[in-house]
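Here are my notes on this one, in numbered points. Have a look at the fold, then read on.

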Amino acid sequence: MERLLEVMRRLRAPDGCPWDKEQTHLSLRPYMLEEAAEAVDAMSKGDPQELAEELGDVLLQVAFHSVIAEQEGTFSYPQVEGHIVDKLIRRHPHVFGSVKADTPEEVSANWRMIKAAEGKGRASVCDEVPRSLGALARAAEIQKKLGVPPASPRDVISALEEGDLAEALWRMVALCRREKVNPEILLREKCDQNCSKP
């Protein structure tokens, strides 16, 4: 990681790369989304080498933002690393403390309680879900946080019959949750299937 940070510092130096030097946190937003999406695609393909490469591109974004912040004097890479290490330890008291959690469900329940206790200062449950997520993924997360019950096929059909496409999509996400299917990944896979047809 230190080698990557050094490369980024060199690229951002006065005699470095003109493109890299002019980037900001805001200008890099599309690249963060794109690199994360490409990493997800690589996971779906099952090619370990491609996944390693794409994860490197995601890591580049972390380094890029860290060096920008370092130059601005707002934060540094050790702070980024420190935050996530502290968070992982804090949210896994069943591993690093004395809390008992023997199932994934108990772990998830503990995680939610700890996260809620941390308070994040958000105005609503919906503010906890990033707006930059794909709409289907965001809808699924919001539904879970709001406790929206899973839907049936009949619920989806009913919304379609009423001509409310937005409600039909919302209920379709709830149906996917009932079937334990991630709607964002499901639709991505369907896109890939159609794109691979002659």
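1. Reading along the sequence, you get α-α-α-α-α-α-α-α-α-α-α. That is 11 helices and zero strands, where helices (H or I, at least four residues) and strands (E, at least two) are DSSP runs numbered from the N terminus.

2. Some housekeeping: this is a predicted model, with local features needing pLDDT of at least 70, side-chain atom pairs counting only at pLDDT 80 or more, and totals for chains, interfaces and linings using all residues. Residues are numbered from 1 along each chain as its sequence is written, and side-chain values use heavy atoms, leaving out hydrogens and water.

3. On overall dimensions, the C-alpha trace spans about 65 × 55 × 35 Å along its principal axes.

4. How much of the chain is buried? Of its 198 residues, 23% count as such (under 20% relative accessible area, 1.4 Å probe, protein chains only).

5. The largest nonpolar core has eight residues: L5, M8, L28, A63, F64, V67, I68 and Y77. A core here is a set of buried Ala, Val, Leu, Ile, Met, Phe, Trp, Tyr and Cys residues joined through side-chain atoms within 4.5 Å. Two or more residues each come from α1 (2-11) and α4 (48-72), with α4 giving the largest share, four residues.

6. Leaving out residues up to four places away in sequence, Y77 touches M1, L5, V62 and S66 (contact means heavy atoms within 4.5 Å).

Definitions and conventions:
Buried < 20%, exposed > 50% of the residue type's maximum accessible area, 1.4 Å probe, protein only.
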